[in-house]
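This report concerns the pairing of charged side chains in one protein model.

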Amino acid sequence: LLELGGIYMNIRALMAYDLLTIIIDIQRNLNYLWSNSIKNQTNRLLRAQLEKQEMEIAFAKKLTEIRNREVEKDSGTKPSKN
C-alpha cells in the first residue's frame, strides 16, 4: 500500500488504472484516425465521381456540338421541297 496525500492506495490498482486510461486514450486516437481515414477515402471517391461526371458532361457537350454541325451541313445542302 502507498500513502498518497493521506489516502492509502494499492500500487497495482494505480497501475491498472493508468493502463486502462492509456488503453482508452489509444482507442480514442485510433477512432479519430479511423474516422479521418474514412473521410479522406470518401473525399477521394467523391472527387473522382465529380471528375468523371465533369468529363461525361464535357463529352456530351462536344458530341452535341458535332451533331449540330452535321445537322447544319445536311440542312444547308438539301434542296428545298417548295
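The model is predicted. D25 is partly exposed, its relative accessible area being 37%, whereas R28 has a relative accessibility of 55% and counts as exposed. The side chains of these two residues, R28 and D25, form a salt bridge with an N to O distance of 3.8 Å. R28 and D25 are separated by about one helical turn, because they stand 3 residues apart in helix 1, which covers residues 11–77.

In total, the structure contains 5 salt bridges.

| Pair | N to O distance |
|---|---|
| R28 and D25 | 3.8 Å |
| E56 and K52 | 4.0 Å |
| E65 and R69 | 3.9 Å |

E56, at 44%, is partly exposed.

E65 and R69 are likewise placed in helix 1, 4 residues apart, or about one turn of the helix. E65 is partly exposed at a relative accessible area of 41%, and R69 is partly exposed at 44% relative accessibility. Which residues are linked with E65 in a network of salt bridges? The network joins K62, E65 and R69.

As a general point, side chains of opposite charge can pair when their charged atoms come close.

How values were computed
Residues numbered from 1 in each chain as written. Predicted model: local features only at pLDDT ≥ 70, side-chain atom pairs only at ≥ 80, totals over all residues. Heavy atoms only, no water. Helix = DSSP H or I, 4+ residues; strand = E, 2+ residues; numbered from the N terminus. Buried < 20%, exposed > 50% of the residue type's maximum accessible area, 1.4 Å probe, protein only.
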